[in-house]
Amino acid sequence: MTPLPTALLDGLDRELPALLDLYRDLHAHPELSHQEVRTAATVAARLREQGWTVTEGVGGTGVVGILTSGPGPVVLLRADMDALPVREATGLPYASTRTAMDGAGREVPVMHACGHDVHVTCLLGATALLAANRHAWHGTVVAVFQPAEEVCGAPAMVADQFAERFPRPDVCLAQHVAPGPVGLVATRAGTIMSASDSLAVRLHGRGGHGSTPAAAVDPVVMAAATVMRLQTVVAREVAADRSAVVTVASLHAGTRENVIPDTADFTVNIRSTTAAMREHLLDAVGRIVRAEALASAAPKEPEITVINGFPVTVNDADATATVQAAFRSAFGRDRVIDLPQPLTGSEDFGAFGTTLGAPSVFWTFGALDPAAFQGVDLLEDGIPSEIPHNHSPMFAPVPEPTVELGVRYLLSAATPWLTPRQK
């Protein structure tokens, strides 16, 4: 294993103050999926200042930077840029107060509740060092700043002739902050992230006066019964040794307390770790929705619309072993976790490796104060419920040393491909 060259880290200490300022700026100015105009412009400007060849507008607001330092392998490094419609409650001095119009034309609060601002900052830190220390590596780096990860934006970049416009990678690498202690990094060979499928459901009833429910078909009761029955899918249709999630995260019906509405709408998010499980869960959700509508004497069949969906994220075994060895060499064996099972979160990063025919490696790294995890065995006990997870309005990565470590993780993972093998 080729260790991370000290020369590749030259200048990191000098870069860190500016990177921390950038992180706070990005956190205070989040943008929703497919709206990352300010973020993309910031990324493109910094890449050009560093000496990268830059292409903007890839797959919408995506940015791709290319840098070559002699002959050698091609390494793709990805960071996602989008934020979420969440109202921040961290109380941080750089907390977001922004709002934006979502795809349905509603004004919503916006927050970097998933840490994508960390990812952008770390990748820009890595690109700065790669540009400044070309003598320390050989090959080509494709730096991908992806829009709309939350709603499956990677396929849009791939569909925008990515393979024809940019060097084909020998390996694709990406990382994600997690609600774990700073200093730990985790990955696994094989499936690492679950498949995700999101559905919008509309139940049809017959409206009426709240005082005469017998003259109506109440879609609110229909929706309540459906949501509760959906909770039995994982509890009663998935084996105890398998991992799956069915979540109803939004439900909307009616406008007044004494008016029974005509319709009720809710959304369902499904997570699965195998193709067979994915098919079963989708079938079960559709079966229950239709059955509850029939049981309620709905005057019309329910409408089930696919919002988005993407498959499991799979780490190539050989490439993952290479990255894990690099991490252990750089950070110590006790700081590198081999995940015992796939995570229930989902990613669209795998679209790059699958479409481009390249092995992929995805890892997560802790971003929270280690003091909050005293006495906790993460592999045995899991993350404590009181710890804010990704997508929480309280999710607040500690900038130091999270940003520095994120830069080091990217460079450590890429080094085996970018430096000459020692004989």
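## Aromatic rings and a helix pair

F162 has a relative accessibility of 1% and therefore counts as buried (under 20% relative accessible area; over 50% is exposed, in between partly exposed, with a 1.4 Å probe and protein chains only). The model is predicted: local features need pLDDT of at least 70, side-chain atom pairs count only at pLDDT 80 or more, and totals for chains, interfaces and linings use all residues. Residues are numbered from 1 along each chain as its sequence is written, and side-chain values use heavy atoms, with hydrogens and water left out.

| Residue | Relative accessible area |
|---|---|
| F162 | 1% |
| F166 | 7% |

The structure holds 10 aromatic pairs (rings of Phe, Tyr and Trp, its six-membered ring, with centres within 6.5 Å). In one of them, the ring centres of F162 and F166 lie 4.9 Å apart and the planes stand at 55°, so this pair is tilted (under 30 degrees is stacked, over 60 edge-to-face, the rest tilted). F162 and F166 also belong to one aromatic cluster with F349, F352 and F362.

Helix packing is a separate topic. Two packed helices are described by the angle and the distance between their axes. Helix α2 (residues 37-50) and helix α3 (residues 116-132) have axes that come within 9 Å and cross at roughly 15°. The two helices are therefore roughly parallel (under 35 degrees; over 145 is roughly antiparallel, 65 to 115 roughly perpendicular, the rest oblique). Contact (heavy atoms within 4.5 Å) involves V43, R46, L47 and Q50 of α2 and V120, L124, T127, A128 and A131 of α3.

Key:
Axes fitted to C-alpha atoms, helices over the stretch in contact; angles between N-to-C directions. Helix = DSSP H or I, 4+ residues; strand = E, 2+ residues; numbered from the N terminus.
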